Amino acid sequence: MGELIRGGAPFVGLDNYRTVLTDPEFWAVVRRTFWWTFVNVVLIMGFGTLIALMMRKLGRRMRILVTSGLVLAWASPVIATTTVFQWLFASRLGVVNWLLVRLGFESFEGYSWLADGPAAFTVLVLLVVWQSVPFAAITLHSALLTVPAELYESARLDGAGGGRIFRSITLPLLRPIFGLVLCLEVIWVFRCFAQIWAVTKGGPGEATTTLPVYAYRVAQSLHRYDLGAAVSTLTVLLLVAALIAYFRQLLRQEADR
Amino acid sequence: MTPRSRLRSRSRSLRRLPLNTAAAVVFVLAVFPVYWMVLTAFRPTRDIQSETPGFLPVSVTLEHFGKAVAADGFWTFWRNSLLVTAGCVLLALVVALAAAFAVARMRWRGRRGFILMVFLAQVAPWEALLIPMYVIARDADLLDRLATLSLIYFMITLPFTVVTLRSFLAAVPAELEEAAQVDGCTRAVAFRRVTLPLLAPGLLATSLFGFITAWNEFAFANMLVIKNQDDRTLPVWLSSFSNVFGTDWGATMAASTLFALPVLVLFLVLQGRVSAGMTGGAVKG
């Protein structure tokens, strides 16, 4: 660090990348990050679409109720709700354990969620999905509202059923905004740091260490700022590679206009 | 009401039952954590400690809030967060509006490249830029200053603000502005009088995003304010609060509630304005 600040650091070429890329731990973290992103984004987009479709069918009063509930969840600051989830899943007096025991799962009596890898992973997925679904649902719902009602009417007159209408009208018209929401969610979940750091700091062991957490861990606790920076650069490259298909589509749209 | 129509309305409400049940489940799942936070914050310690949690507020106490507010420097951190956030939002709005206008309304060489750059900037892992930012801030003598945080949050929110304002701006027909220019307005006046009012929902939405990002940010606030502890912001304080008070969930939830409150209030106020602005525009259009 001192070298870096004084500017006396020697140029090492690709050495740091070589160190990182030949480390099996790094590849384990990459696999975990993609799995983390996949699980979260699938759940977010699935629930978001279902809730958006549901909201369109609802009566006025129920729709306002659901919207305000979603807005409340969306508006609550991340650090605040992250703290609340730690309280919900607390091993002693936590309301989730109480509920699970009440439902007959006796093994959850005093269960410590954050001591077990998969369980901690599950808590974080639930937290991030809970925090992200409102944005997806509200955006997709407002996109649904822009579809002219006449289209649905004429499709229904032509004898199309609910599934057919969804496939032939809703989905094609929603594709641009669906793509945008998907893209944003991938970026946000892939980069997610504050929640993981606040709840587990990447633990227990390595169970919840995704790339941003790994970069921070390498830099801060091992004082290898050079390796941390290399990991961060690789994170960006991986994310760009994953999103390149979307960028190409965006550019093609721009060219058409 | 004839018997037949009553029958029909009953069968309709029966048909709607699964849908409304699903809606109720979504509402409860969305609201419960926030409700639980506020409930715990107001609940006497002996109720929090009871083995069977109650789900309704039976007795109410302010003791946890007293504990949170009495903590060292609480009001200073509150004011710091507010100042940093306001600075970030104002800067981002002014710059992003100009950039969005250039991208949506003008034809120039490198426009596509610019859009791509803005999208790429959204991908930047800001956590990864902690070290370089720290070095820059130190060399420029900008450490331990709230203005530095404002500037960084401005940079973080700018790409999203530009992209969003661009799509809002693209939705306003350029013909409206051109008509005003034909009527003798300059381009600037036409933009200010015709387009800007129609952009109000977009401006509110993006400033909301800026507010939330800046209010919530933790990593930079933690890294760039070191010596001068009085310049810390609320999230940093909240994170250390849970360390200090350990498993005193009442006080922790009271602090979380006080931290969440301004965002929730702003959301409530703006939410009404946004939909009002949209219908106003529709009626006029």
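## Fold of chain B

Chain B of this predicted model contains 14 helices and zero strands, where helices (H or I, at least four residues) and strands (E, at least two) are DSSP runs numbered from the N terminus. Read from the N terminus, the order of elements is α-α-α-α-α-α-α-α-α-α-α-α-α-α. Chain B has 285 residues, and 33% of them count as buried. A residue is buried if 20 or more other C-beta atoms lie within 10 Å of its own, exposed if 12 or fewer, and partly exposed in between, with C-beta atoms placed from the backbone.

Among contacts in chain B with a separation of 6 or more, 75% join residues 24 or more positions apart. Two residues are in contact if their C-beta atoms, placed from the backbone, lie within 7 Å.

Residues are numbered from 1 along each chain as its sequence is written, and chains are lettered from A and ligands numbered from 1 in the order in which they are written. In this predicted model, local features need pLDDT of at least 70 and side-chain atom pairs count only at pLDDT 80 or more, while totals for chains, interfaces and linings use all residues.

## Domains of chain B

Chain B is divided into domain 1 (19-61) and domain 2 (77-284), with bounds from an automatic or database domain assignment. Their contact takes seven residues from domain 1 and six residues from domain 2. On the domain 1 side, α2 (17-42) and α3 (45-48) of chain B are the elements that give two or more residues. The largest share of that side, four residues, belongs to α2(B).

By class, the domain 1 side has four nonpolar, two polar and one charged residues. Here Ala, Val, Leu, Ile, Met, Phe, Trp, Tyr, Cys and Pro count as nonpolar, Asp, Glu, Lys and Arg as charged, and the others, Gly among them, as polar.

## Helix α2(B)

Helix α2(B) has 26 residues and spans 35 Å from its first C-alpha to its last, close to the 38 Å expected at 1.5 Å a residue; the expected span is 1.5 Å times one less than the number of residues. A kink of about 40° lies at B:F32, shortly before the proline B:P33. The bend at a residue is the angle between axes fitted to the seven residues ending there and the seven starting there. Buried residues of α2(B) include B:A30, B:P33, B:V34 and B:M37.

## Interface between the chains

Across the interface, 49 residues of chain A are in contact with 46 residues of chain B. Helix α12 (residues 225-256) of chain A gives the most to the chain A side, with 10 residues. That side has 40 nonpolar, six polar and three charged residues.

## Nonpolar core

The largest nonpolar core has 116 residues, of which A:V123, A:V231, B:L149 and B:Y153 touch the most other members. Such a core is a set of buried Ala, Val, Leu, Ile, Met, Phe, Trp, Tyr and Cys residues joined through C-beta atoms within 7 Å. Helix α8 (residues 146-171) of chain B supplies the largest share of this core, 12 residues. Domain 1 and domain 2 of chain B each give at least three residues to this core.

Leaving aside residues up to four places away in sequence, A:V123 touches A:F85, A:F89, A:W113, A:L114 and A:V199.

## Positive phi in two loops

A:L93, in the loop between α5 (78-88) and α6 (95-102) of chain A, has a positive phi near 70° without being a glycine. A:L93 is partly exposed because 16 other C-beta atoms lie within 10 Å.

B:D141 is also not a glycine, and its phi is positive at about 60°. B:D141 lies in the loop between α7 (130-139) and α8 of chain B. With 9 C-beta neighbours inside 10 Å, B:D141 counts as exposed.
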